[in-house]
Amino acid sequence: MAHSSSGFNARDPASNVLLEYSSKHQDNNESITTNGGVPVGRKEAMLTVGYSGPTLLQDVVLIDELSHFSRERIPERVVHAKGAAAFGTFQVTHDITAYSAACVFKNIGDETPIIVRFSQVAGERGYPDTYRDLRGFAIKFYTDDGIWDLVGNNSPIFFVNDAINFPMFMHALKRNPVTNIRPDYDAFWDFVSLRPESTHQTLQLFTDRGIPASHRTMHGYGANTYSLINSEGEFFYCKFHFKSDQGISNLWQSEADRLAGLDPDYYSRDLYNAIHNKNYPSWSFYIQVMTPEQAVKNPYDPFDNSKVWLHADYPLIPVGRIVLNKNPTNYFAEVEQLAFDVSHIIPGINFSPDRMLQGRIFNYGDTHRYRLGINNTQLPVNSPFKLHNYNRDGRSTILSQGGGPNYFPNSFNGPRNDKRARALAPRIPLNGVADRTDNGLVDNYSQARLLWTRVINDDERERTIENMLIWLRQTNCVIAERAIDNFAKVDEDLGKRLRAGIRNTSGCPPHVTL
């Protein structure tokens, strides 16, 4: 019997997906089948010998059901495990062909289909959306030259600036291996206080922007430094920015805590409902550009992703607009199996010496080879419009590529080297001595000082201190002292106010001064 649709208006769209299905399929007479397409005569009971007898091995319906059930989950992402996504378009509104010959920027008015995934960085799939955390902001462009994956966050900076420190930082954010409790406040404050390049991002995490009001009301950033190549072969370094057209809106800690208990999937619900109601969220796309000559003379390392490029020196250049206008129809197929790979770039866009980017080039693709298999790019949501190469076989192969040769070079008209891609490949002279040089020791406080003294106002400073104290009071006093010392180097008054806030609650021994 069909369900009534009378309850549609009483609930939000995300709650009505089953009612919508029912209303669209009132005349559905399709039979249940096995995964092999064989009709099933009765679904409610196993095949047994009598009422109380054993189950028969020949119950293929049961085996089909249970074997699929035990394989319904794949390993969740180690990072960015929980998220929501939507499809849309990127439209070029300004000409930047002077900087890049990438097809996605070719003509004003051109549109490229995209999917954007928003996520938590540290939380697992079941974590509340409103937990204080960095948010992922990843865009997959389905271009004529293949997939371009632009993977970033809702912050222009990050905690660490060398990929070798990234797994260690994530361990400090994850569950304690003995207690399985998260967060481990000692581990968090211990790591960030020992790696002072994290001071800038840690401070920003505890400002109002540490908890966005929704995915729709936060900015996005490519975070890493990339490079652009124009049709003349000229080379530029760049940063990518996505500014929310809805404006920035954030949650105070008390409201975030309330929503975490009331609706752990608050952000996902908000995004789905907005798009369902045709309130399509959008972002304005910008770049910052730096010439190689400017990079050499820049007073700070432009490839250090714990630092921003100051807008006064490198102003935002408008590029286009992102609009999200279509919800996924199946979360597992189109979001859980969605795979972003930083190594997926297109001609006209390239990499830089950014150490975090260099590590991500390997790590992202390797993650999906583990989670989804070697042929993860053949899944529909990850697949480019065209795929011509010499890779064959492997688990879950979907494309046979028409029986073409699987070796190169060949004499049988297999795919060939692309002249345009070769022309747009940068030639960068490299020299130096191979060594392990710590890049986290240079000026870790001046940009954090700008954030504290010039970007946020007095009210937000007060809230930021309150937010930091919630976490600092949970750690031991030796680590707290070290962390506060870093913040005192940002601003002396900030350090004093943090010390005053935990003095009576730290339980420190007499020889430790707070």
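Select Asp162 and Ile164. A polar atom of the Asp162 side chain lies 3.0 Å from the backbone nitrogen of Ile164. This is a predicted model, where local features need pLDDT of at least 70, side-chain atom pairs count only at pLDDT 80 or more, and totals for chains, interfaces and linings use all residues. Residues are numbered from 1 along each chain as its sequence is written, and side-chain values use heavy atoms, with hydrogens and water left out.

Leaving aside residues up to four places away in sequence, Asp162 touches Arg355, Met356 and Asn439 (contact means heavy atoms within 4.5 Å).

Zoom out to the loop between β4 (146-153) and α3 (166-173), where Asp162 sits. Helices (H or I, at least four residues) and strands (E, at least two) are DSSP runs, numbered from the N terminus.

Next, select 477-490 and 492-502. These are helices α14 and α15, packed at about 155° with axes 7 Å apart. They are therefore roughly antiparallel (angles over 145 degrees). Axes are lines fitted to C-alpha atoms, for helices over the stretch in contact, and angles run from 0 to 180 degrees between N-to-C directions.

Show side chains at the contact. Ile484 and Phe487 are among the α14 residues there, and Leu494 and Leu498 among those of α15.

Conventions: Polar contact = N/O pair within 3.5 Å; in protein donor to acceptor, adjacent residues only side chain to side chain. Parallel < 35°, antiparallel > 145°, perpendicular 65-115°, else oblique.
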